[in-house]
Every structure is written in C-alpha cells, then in structure tokens.
Amino acid sequence: MSSMTAKKKCCKDKPRCKKCPVVLMRLSKAGCAERLDRVHYKVDKKIPKKVLKEARAR
C-alpha cells in the first residue's frame, strides 16, 4: 500500500482527479483504501479499473 494525501478542495474536474478528497473517500468505502486521518489515506497499488471509474464519476 502506498500513502496518498488528499487535496484540500475538489477542483470540480470531470472526471474527478485521483487526489480529490471525494474519490479517496469513495475508494475507502469500496475497500481499496484505508483512511488514516482527515487527509491521509493508504491506497492499494492495484485498484480495479471499474472501481476507480465509479469513484471518479461525477
């Protein structure tokens, strides 16, 4: 697992960027990331493409 820091605010791109706090929260709910504190996450190295696409959807 690699660690990742979420950005402070969503940039409202479409699709969302990978460091967006919303995307990291959705990945943690899907079981592909573990929330350490408010902005730090431990993310799996191999995230299924389908899960990442759903997390980044607007």
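1. Pro15 is placed in the loop that links β1 to α1; helices (H or I, at least four residues) and strands (E, at least two) are DSSP runs, numbered from the N terminus. The peptide bond leading from Lys14 into Pro15 is cis, its omega being near 0°.

2. The structure is a predicted model, in which local features need pLDDT of at least 70 and side-chain atom pairs count only at pLDDT 80 or more, whereas totals for chains, interfaces and linings use all residues. Residues are numbered from 1 along each chain as its sequence is written, and side-chain values use heavy atoms, with hydrogens and water left out.

3. Lys14 belongs to the loop between β1 (2-5) and α1 (21-30). Lys14 counts as exposed because its relative accessibility is 72%; buried means under 20% relative accessible area, exposed over 50%, and partly exposed in between (1.4 Å probe, protein chains only).

4. Lys12 also lies in the loop between β1 and α1. Its phi is near 65°, a positive value in a residue other than glycine. With a relative accessible area of 63%, Lys12 is exposed.

5. On the surface, a patch of positive charge is formed by Lys9, Lys12, Lys14, Arg26, Lys29 and Arg58. Patches are made of residues with over 30% relative accessible area and no salt bridge, like charges being joined within 9 Å and nonpolar side chains (Val, Leu, Ile, Met, Phe, Trp, Tyr) within 5 Å. A salt bridge is a side-chain nitrogen of Lys or Arg within 4 Å of a carboxyl oxygen of Asp or Glu.

6. Strand β3 pairs with β1 in the antiparallel sense over 4 bridges, where pairing requires that DSSP finds at least two bridges between two strands. Within this pair, Ser2 has Val43 of β3 as its bridge partner. Strand β2 (residues 33-35) runs antiparallel to β3 and is joined to β3 by 3 bridges; Arg35 has Tyr41 of β3 as its bridge partner.

7. In a regular strand the side chains alternate between the two faces of the sheet.

8. A hairpin is formed by β2 and β3, with 4 residues between them. Leu36 is located in the loop between these two strands and counts as partly exposed, at 46% relative accessibility. The C-alpha atoms of Leu36 and Cys20 are separated by 16 Å, the two residues being 16 residues apart along the chain.

Methods
Accessible areas come from the Shrake-Rupley method with a 1.4 Å probe; for residues, only the protein chains shown count as cover. Lys and Arg count as positive and Asp and Glu as negative; His and the chain ends are not counted. The place of a charge is taken as NZ of Lys, CZ of Arg, CG of Asp or CD of Glu.
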